[in-house]
Amino acid sequence: MFATMLAAIIFALLTAVSPAVAQTGLDRRELNVPATLVAESQQVQPGQSVTLAFVMNPKPTWHGYWENPGDAGIGMSFDWKLPDGVTAGDAQYPVPDTLLISGIMNYIYKGDYAVLVNLAVSDQVKPGPLPISVKSEWLACTDEVCVPEQDELFINLQVVDKDVGVSPNNAFNAYREALPRPLGSTATFMVKDDLFRLSIPLPADVDVEAPYFFIKEDGIVDYGAPQKVNRDGDSLIIETAARGDALQNISGVLKIASNMGFSLDASGGEVEMSGVPLSGGADSGNFTGGGDQSKASLLFIALGGAIVGGLLLNLMPCVFPILSLKAISLAKAGGDETVVRRDALAYTAGVVVVATALGALLLGLRASGAAVGWAFQLQDPRIIFLLLALVTAIGFNLAGLFELPNVNFGNRLAQKDGPAGSFWTGALAAFVATPCTGPFMAAALGATIILPPIAALIIFAGLGVGLALPFLLIAFVPAIRSRLPKPGAWLDSFRKAMAIPMFLTAIGLIWLLGRQIGTDALGLSLIFLLLVTLILWWFGGGQMKGLSRGTWATSALIAAIFGGVLFLPNAEAMNEQKVASASSTTLPSEAFSETRLSELRASNRPVFAYFTADWCITCKANEAAAVQRQETADAFANANVAVLMGDWTRPDPEISKFLEKHGRAGVPLYLYYAPGEEPVILPQILTISTLTDLVT
Amino acid sequence: MFYKFAMISIAAVAAMSAATPLAAAQKNGAIAQDFKLTDMYGKTVQLSDFRGKTVVMEWHNPGCPFVVKHYDSGNMQATQAAARKQGAVWLTINSGAQGKQGYMKGPAAQKLSKDQGMNADHYLLDVKGVVGKAYAAKTTPHMYIVDGAGKLVYQGGIDDKPTANKADIKSARNHVTAALGELKAGKSVSVAQSRPYGCSVKYAS
């Protein structure tokens, strides 16, 4: 005891003096990737564990390495000096980045990052100071040079009695969120004919942005080779060059977006390259790397694809009605060939400028953070609602309920003789058409995001050119123009008929919205939609009587749409909705929280707590086979078992901590608390009898 | 329809962006790729000229801390001397590009070689990185052994302690010395492949 105290005092003294005194002789300020050791809580209770973080702050241009550094470099090492009764677990690394330099692949961290280690304190450890010391070595590199660095880090923890509260450091929530989340199920891999293939079970509705598989074991894959990724239903298949060594089992991290990934284990088996390709290589950063002939020609192919895509956009149900009318107006614009051509070119310029500007806005929004792809945004029900209101309004406009003042504005400018008018008509057309195509273009837009900005902008511009192509054809090929019907009374009927595809689009959006937010919230959003329609009707009625209700209608419209957006659930609420709807399932459950658990236990009720996530196939299989079964529900109801469900689909620090406390880094976890007894951890594969036997 | 077009074009763009800069690695058991390089005296050296002898290749960058570990401690020089004593030829190859860390012209290499007491038969300059890439040399040091029949029998690290700490050399298994010993005894190389460690080779991009 005395010795521990003495050691503690010495350590306290050592940590109190300047870091230059550290035994390595290294001044911490001189390090390129300095490390700081932080504890989640200064106090720890006997029998509990405490998480330490090595917080690494690379200087600009410097980087540190993942546990498998790739082709070159070295991971971190830890040499612990721990008091008796304290053991250190494995280091947990955040999701790394790739850095490819002249074909040599490095698995690295560029910005600040934290490596976590759990210290288990045995229940034999007496209250008092707990000095922790660790000598760590790591490699710090820039793109040009590497410097091996090391430091001796100290931290003095305090062992406290079990009844003393422990206050956690909230920074650890962010550190944990950066860690890969364990995938519930096992992947399969194959090494054959110089190819490495990995099939990862990943539900189809999990968004994957720029997937990359970081393998932990060396000698299996060629790190520098590109990774081909296919998506086939509920699996993601990755193919890359193998290096030849064979192993029974491998492990690694599947990165699906920046700072987001899953850790997984894989065992040997057969893997076929099925499904559709997601991307041909993760390192799109090389793309603008210089005037390589083949690169330029391939950008040409991509641009060609975009132009054809833009052309096809003319046929989209909500674009066609607007644009076909524009085409006819252009055709009737006048007999003068040069005027028609000039107007068509100006119109094209308007379309291209707006399409590119919208693309730039999109890229800018993405670059400014939030780390969410466009596809992600479209899953936000509020965006869908906005599109729904827009499509409905356009539909009623075509049907003749009211005249769009914006179009009048555009027409007024268009009537200003000259190209300026046509330019603004084109800009307006692209502006109305582009967001309207959103839901149909989600995948394509998502794909432009993996491209470097310049290439993505060129593709957006290409979409604009494609969109304007029919008008260019009408203007420059007189034969087509002469075949267009002359405007007349039929045009009005045609316009009204064109409302039908718009309304069909609206129905599609309603269906989509309903799937996202459930019938209750959908009902609410339809009421807002009705409000929007009534305002437009009232506005149109005013137009017929020659009354100007523009100002009132506009403010009322903004209020209605804003209200709709405000009252619609956001992503977080959607999750709650899902938990709430769980009460209507076979085995009703409440959302898990530690407070609710202790309440239930205090009231002497048996509790079944389970932790699941949408992307965890094992969890879903167990739920289908054992949890959500009538037999289970009946048995639990008879025994008055309370059911708590923890949804870990999105990162939740409370659940992460709880899982960690039970020795699990991931879901599924099934716990049964008999009244007054320690919890039983159930197996990862459940059967109905596993559950019913608990209560009989 | 639109999806298809867009996805195909995007896949094409993505595919080209991932062109493999490094040539396929040499395989153990296969005949090692022949090459010609200029040494630090301007003399041309060809691998196939050494047919009949065991050849050790060492990738080198004098500025890399891991290379420094093995030269400052005398470990690399001792390994070179032992190899040559057994009749093996030692080629030290520098694939550092001009302007990158470790790049040297002939005279600088001669001085370094003398100052450090290097025992290599030849110090070869691979400024364009052609040979380095043909062998997929990734780190400095990165070691390769070619047997008398011209077959590649070892590729990987100098030893099994991937640190920059000289103190670790004593307790490490020197893969090159071990492989040369096994070859000498007419045995096959027991550890024919290991993970190379060190700094990345500073190729011209």
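1. Thr163(B) is buried in this predicted model. Its relative accessible area is 16%, and the cut-off for buried is under 20%. The residue sits in a loop of chain B, between strand S8 (152–156) and helix H6 (175–184).

2. What does the side chain of Thr163(B) reach at 3.2 Å? It reaches the backbone nitrogen of Asn165(B). A polar contact at 2.6 Å joins the side chain of Thr163(B) to that of Asp168(B).

3. The contacts of Thr163(B) involve both chains. From chain A, Ile74(A) and Glu137(A) touch Thr163(B). From chain B, the partners are Phe66(B), Lys69(B), Asp168(B) and Tyr197(B). Residues up to four places away in sequence are left out of that list.

4. The aromatic pairs come next. The structure holds 26 of them over all chains. One is Phe592(A) with Phe611(A), an edge-to-face pair. The ring centres are 4.7 Å apart, and the planes make an angle of 70 degrees. Phe592(A) lies in the loop between strand S21 (590–591) and helix H17 (594–602), and Phe611(A) lies in strand S22 (residues 607–612), so the pair ties together parts that are 19 residues apart in sequence. Phe592(A) counts as buried, at 9% relative accessibility. Phe611(A) is also buried, at 0%.

5. Phe66(B) and Tyr197(B), both among the residues touching Thr163(B), form an aromatic pair with each other. The geometry is edge-to-face: 6.1 Å centre to centre, with 80 degrees between the planes. Which parts of chain B does this pair tie together? Phe66(B) is in helix H2 (residues 65–72) and Tyr197(B) is in the loop between H6 and strand S9 (199–200), so the linked parts are 131 residues apart in sequence. Phe66(B) is buried at 1% relative accessible area. Tyr197(B) counts as buried too, at 3%.

6. Two further ring features deserve a look. In chain A, ring pairs link Trp66(A), Tyr107(A), Tyr212(A), Phe214(A) and Tyr223(A) into a cluster. In chain B, Lys133(B) lies over the face of Tyr203(B), 5.2 Å from the ring centre.

7. Now chain A as a whole. The chain has 21 helices and 25 strands. Of its 696 residues, 48% are buried. Among contacts with a separation of 6 or more, 76% are between residues 24 or more positions apart. The accessible surface is about 31,100 Å². Carbon and sulfur atoms account for 61% of that surface.

8. An unreviewed UniProt entry places the feature "transmembrane region" at residues 298–323, 344–363, 383–402, 423–451, 457–477, 497–515, 521–539 and 551–568 of chain A. Two of these spans can be set against the model. Residues 383–402 are 85% helix and 0% strand, with end C-alpha atoms 24 Å apart. Residues 457–477 are 95% helix and 0% strand, and there the end C-alpha atoms lie 29 Å apart.

9. Thr533(A) belongs to helix H14 (residues 499–544) of chain A. Is this residue buried or exposed? Thr533(A) counts as buried, at 15% relative accessibility. Thr533(A) and Ala393(A) are 140 residues apart in sequence, yet their C-alpha atoms are 7.1 Å apart. Leaving out residues up to four places away in sequence, Thr533(A) touches Thr392(A), Phe396(A) and Leu401(A).

Methods:
Residues are numbered from 1 along each chain as its sequence is written. Chains are lettered from A and ligands numbered from 1 in the order in which they are written. Side-chain values use heavy atoms; hydrogens and water are left out. UniProt positions are given in the numbering used here, feature names are shortened, and annotations may be inferred rather than shown by experiment. Helices (H or I, at least four residues) and strands (E, at least two) are DSSP runs, numbered from the N terminus. Buried means under 20% relative accessible area, exposed over 50%, partly exposed in between (1.4 Å probe, protein chains only). A polar contact is a pair of N or O atoms within 3.5 Å; within protein, one must be able to donate a hydrogen and the other to accept it, and residues adjacent in sequence count only if both atoms are side-chain atoms. Contact means heavy atoms within 4.5 Å. Accessible areas come from the Shrake-Rupley method with a 1.4 Å probe; for residues, only the protein chains shown count as cover. Rings of Phe, Tyr and Trp (its six-membered ring) pair if their centres lie within 6.5 Å; planes under 30 degrees apart count as stacked, over 60 as edge-to-face and the rest as tilted. A charge sits over a ring if NZ of Lys or CZ of Arg is within 6 Å of the ring centre and within 35 degrees of the ring normal.
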